[in-house]
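Please look at the structure below and read the explanation alongside it.

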Amino acid sequence: MAQVTLRKLVKHYDETPAVRGIDLDISDKEFVVLVGPSGCGKSTTLRMIAGLEDITAGDILIGGDVVNDVPPKDRDIAMVFQNYALYPHMSVYENMSFGLRLKKVPKDEIARRVQAAAQILDISELLDRKPKQLSGGQRQRVAMGRAIVRDPKVFLFDEPLSNLDAKLRVQMRTEIKKVHQKVRTTTVYVTHDQVEAMTLADRVVVMNGGLIEQVGAPNDLYHTPATKFVAGFIGSPAMNFMPCRLEEVAGGLRVRLSEALAFPVPQERAARYRPQLKNERLLFGLRPEHIIEQRPHLEPSQVPFEIEVEVTEPMGMETLVYFLVSGSEVCARVAPEAGARDGARMKLVADLSKMHLIDDESGRVL
Amino acid sequence: MSATAQAIGSAAPARRGSLQRSRRWALIWSYVFLVLFAIFFLMPPVYMLIMGLKTSGEIAAMTNPWWVFHPTLENFKALLTSEQYLTFFRNSAVIALAVVVITMLIAVPAAFSLGRMRFWGSTTLATGVFLTYLIPDSLLFIPLFKIMAWVHEHTGIALLNKWWALIIIYPTLTVPFCTWIMIGYFQSIPKELDEAALIDGAGYIQMLTKIFLPVALPGIIAATIFAFTVSWSEFLYPMAFTVSADQLVLPVGIVTTLIKGDVYNWGQIMAACLLGAAPPLIIYAFLMDYYIAGLTAGATKG
């Protein structure tokens, strides 16, 4: 049993706050990803869990015990670093067994555990090599192997894939997921890459400015973001934001985006949005995949409109179409055969059931 | 080097000819100067060898200084059978080895703590260590002499005119520089390495012995060679602190015993110098690669 609990956790570097009081409960065997832009405090949080940084205030609990002042080696954790941090003078076997040898684990037990971990990671043939003779991906596997053999309560990953090239990164991402399915150890994983966060996590923790913006399952964050930051951070290409205001019309509400363009608000949301009729600082948010080309059969929530295409970006399986709505650039994802051309007029469809209304003042999604 | 030149050449094929020509000229000039410098610096040892192989008579006859007409090993034989010369040699060797050991025992932990363990004032202290190295040793021997006299006066331990006392003195020259080299070397080791070791369960001592010493081996060897060379060739301090013939070290011994009044025993002086230069030369030859790697550490990543 190894839950990790953070209670009102604060970290200041001299006077600069890095983490400004966060609460988080990570349950046993869970894979939690801390994600956010650089400087959001995610790495600092991880390093505090590891014991590599002192905490300024608050508590960290691992397996129910407060570990605030417990040195890293007694926290029963293992960490994988961005630059692997393999011991350059030791072979792969020695690297993986270093922690066990320090703990004076019997030799045959060490051999058994290293072999088992090497099997999981498919590095059995590399055990005699030095780190210098390994590729980036292999080094990353060894670093993970070093963590696995220790059989710790918690795995900590600090941007482990950032040093790999794009293709290898995707491959190792799957690899990490498989390893977690096999060893089922509570894992805290830090990354700035929202795709990594979405694909790996049981739960994603989005951090910004030293605070937690939102915690949730990947799909929940995607479909029901709590704040403008989360809405814009999760998803690629990012969600479109357009300044708007609400209008009361016969039969319901309307969001007005420009003189020419206004969309009806779905009936079921009218009650929720009505208090915002006076709000001058509203944003209308809609993901690119919810603005598509005109189709013969439309759902009731899908509303057609016409735009002038600025730029198109053909991606193969889809084409990204960029256009302007009263000054803000908006992206749509249309089928390649829809015939989008730079500078041409085009009919698109917006799926209003997926719309978000954001109070730009507070940044909350309404 | 050639790969770079080729890469540039293939990127701009029109300029390949001129690049190769300028590279050829650069090489020619490098060789010219390298040969000149090699001749310049090799002349003294070669001269020492030639003179060491001549008899006193041949030297006095002032024949061609670059040729031996009647080569003899008499000078070397005389030295290697001379009790006195062997004493100098032994004194020098014991001092040099002891100084290397003491220096490394102080410099490595000092550099590790100053370079890796962040604590209040560690940067100031590190700079302080370096500053002490900037003070010329020729300024320090008088105060050191006073200190040794004072110690003798108050404790009764005689430090002056004792060859082993130099073992205490030389580290004042070697420790600051070796610490400085090692600080630089330890700092070039990525900090994730000690964090990984900390998490793996290593204490600071284990981190030093199991991770840092092996990884920083080139730096340690560079520092060792430096400490050895300094204590082997130091002239001023033994000249000032030791007097009796049996207390002398090699550099001072050669000069004081082989020059009798105005009689210069050139053949033996040259042979003695050559023999004296041999140990550092042999050590360099074996450890040269490490030494260079140590002095240029941290210049590039990886």
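Residues are numbered from 1 along each chain as its sequence is written, chains are lettered from A and ligands numbered from 1 in the order in which they are written, and side-chain values use heavy atoms, with hydrogens and water left out.

Begin with chain A. Its two parts are domain 1 (4–233) and domain 2 (240–359); such bounds come from an automatic or database domain assignment. Taken over C-alpha atoms, the centres of domain 1 of chain A and domain 2 of chain A are 39 Å apart. Seven residues from domain 1 of chain A and six residues from domain 2 of chain A make the contact, where contact means heavy atoms within 4.5 Å.

Another way to describe this interface is by buried area, the accessible area (1.4 Å probe) that two parts lose on being put together, summed over both. Between domain 1 of chain A and domain 2 of chain A it is about 610 Å², and carbon and sulfur atoms give 60% of that. On the side of domain 1 of chain A, Tyr222(A), Lys228(A) and Ala231(A) supply 74% of the area buried against domain 2 of chain A, more than any other three residues.

Two kinds of pairing can be counted here. A salt bridge is a side-chain nitrogen of Lys or Arg within 4 Å of a carboxyl oxygen of Asp or Glu, and zero are found between domain 1 of chain A and domain 2 of chain A. A polar contact is a pair of N or O atoms within 3.5 Å; within protein, one must be able to donate a hydrogen and the other to accept it, and residues adjacent in sequence count only if both atoms are side-chain atoms. Two residue pairs in polar contact (both at pLDDT 80 or more) are found across this interface. On the side of domain 1 of chain A, the elements that give two or more residues are helix 7 (218–223) and helix 8 (228–233) of chain A. Helices (H or I, at least four residues) and strands (E, at least two) are DSSP runs, numbered from the N terminus.

Now turn to chain B, which is divided into domain 1 (2–52) and domain 2 (81–295). Their C-alpha centres lie 35 Å apart, and each of the two domains of chain B gives five residues to the contact. The area buried between domain 1 of chain B and domain 2 of chain B is about 450 Å², with 86% from carbon and sulfur atoms. Met48(B), Met51(B) and Gly52(B) lose the most area in domain 1 of chain B, together 78% of what that side buries. Across this interface there are zero salt bridges and zero residue pairs in polar contact (both at pLDDT 80 or more).

How confident is the prediction for chain B? The mean pLDDT (the predictor's confidence in each residue, from 0 to 100) of chain B is 84, and 90% of its residues reach 70 or more. Where pLDDT is low, the predicted coordinates should not be read in detail.

Finally, consider how the chains meet. In this contact, 21 residues of chain A touch 17 residues of chain B. The area buried between chain A and chain B is about 1,700 Å², of which 67% comes from carbon and sulfur atoms. Tyr87(A), His89(A) and Leu102(A) supply 29% of the area that chain A buries against chain B, more than any other three residues. Two salt bridges are counted between the chains; Glu195(B) and Arg47(A) meet in a salt bridge through their side chains (2.6 Å, N to O).
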